[in-house]
Amino acid sequence: MVHGGEALGDVAMQIIAREFNLSETVFVLPSTSAYADYRVRIFTPTIELPFAGHPSIGAAWSLARRGEIGYGEILQECGAGVIQVFVDDGGARIAGGLPGIGKDLDAAALAAAVGLERDDIDTACAAGIASAGAPFACLSVRGDAVARAQPNAADIVAHTADAVGLVVFSFDQDSGKAHVRMFAPASGVAEDPGGGASAVALGVHLVHRGLLRPTGISHLVIAQGAEIGRSSKLEVEVRAESGRAVETLVYGAVVDMAHGELIRLP
């Protein structure tokens, strides 16, 4: 997270994000909207994203801790528009962008792109693109197939050209728990240890495929990142009407890990 970057241009922000080489780097800026408390710009090592959950949650929590905004409900401006964030001492809940459904996808081709077989595919949940601020391809697989996935970057890019990345998941409908891995090589992210934008997109996808309530509120708990030694837990809430997701929220806790200073060299 970078504060005080008002003078930085697009190229400088992208260079900084590439140097950090994190899944996302967020720049906190003054809002350009009369309706928002602040603005964020979010970059992967290679591209700018309109929305991402973890940077948004972290930015809101950090600003509240610094006393620049209050706790409770605030409004954040980002590439996806002005969205609600609810900040508390431990982290934040953030509303996803406008839910949407894209095209269906070839599950066998996606499975092959991550080294899995046809028998690994969960045929009860067809593959496709879903979004709640940013589009993701979603592939449902059986049991331990998530852990066995071996991504091929070129194949993933070839079959997910309209999406930020590929969400490979298994979902237990009874418990509401999902085991997730997300690969976004086109965005410079080999594997994301925890993605808020992909989490809310998955919630939209599960409503669309009939695995979450068609009307009312469903809760989804996502375990992600264990395979790369960076375990995370995300909690998602999805409100649906007549089989269509209309609103999403994702919650994450935040831990302050380090502070530093960027110095402009001559």
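How much space lies in the second largest pocket? About 160 Å³, and I'll come back to that pocket in a few minutes.

Hello everyone. A word on the source: this is a predicted model, where local features need pLDDT of at least 70, side-chain atom pairs count only at pLDDT 80 or more, and totals for chains, interfaces and linings use all residues. Residues are numbered from 1 along each chain as its sequence is written, and side-chain values use heavy atoms, with hydrogens and water left out.

Let's start with the whole chain. It has 6 helices and 16 strands; these are DSSP runs, H or I of at least four residues for helices and E of at least two for strands, numbered from the N terminus. The C-alpha atoms fill a box of roughly 55 × 40 × 30 Å along the principal axes. The radius of gyration is 18 Å, which agrees with the value near 18 Å for a compact globule of 266 residues. That radius is taken over C-alpha atoms, and the globule rule is 2.2 Å times the number of residues to the power 0.38. Of the contacts (heavy atoms within 4.5 Å) between residues at least 6 apart in sequence, 62% join residues at least 24 apart.

Now the cores. A nonpolar core here is a set of buried Ala, Val, Leu, Ile, Met, Phe, Trp, Tyr and Cys residues joined through side-chain atoms within 4.5 Å. The largest has 54 residues, and Tyr-38, Phe-169, Leu-206 and Ile-222 touch the most other members. Helix H6 gives this core its largest share, 8 residues. Beyond four places in sequence, Leu-206 touches Cys-125, Phe-169, Phe-171, Leu-211, Leu-212 and Leu-220. There is also a second, separate core of 22 residues, with Ala-108, Leu-116, Leu-139 and Val-141 among them.

On a 1 Å grid over the protein atoms alone, a cavity is a set of points where a 1.4 Å probe fits but cannot get out; a pocket is an open set with protein on both sides within 12 Å along at least five of seven lines; lining residues have an atom within 4 Å of a point. Points are joined across faces, edges and corners, and a volume is the space filled by probe spheres set on them.

Strand S12 (177-184), strand S13 (189-192) and helix H6 (196-208) each give two or more residues to the lining.

Back to our pocket, as promised. Its lining includes His-3, Val-28, Asp-37, Tyr-38 and Arg-66, and by class it has 6 nonpolar, 2 polar and 4 charged residues. Nonpolar here covers Ala, Val, Leu, Ile, Met, Phe, Trp, Tyr, Cys and Pro; charged covers Asp, Glu, Lys and Arg; the others, Gly among them, are polar.

Finally, some loops. Thr-44, between strands S3 and S4, is buried at 2% relative accessibility, and its contacts beyond four places include Glu-24, Leu-49 and Val-189. Asn-21 has a positive phi near 60° and is exposed, at 53%. Ser-242, between S15 and S16, has phi near 55° and is exposed at 73%.

Technical notes
Buried means under 20% relative accessible area, exposed over 50%, partly exposed in between (1.4 Å probe, protein chains only).
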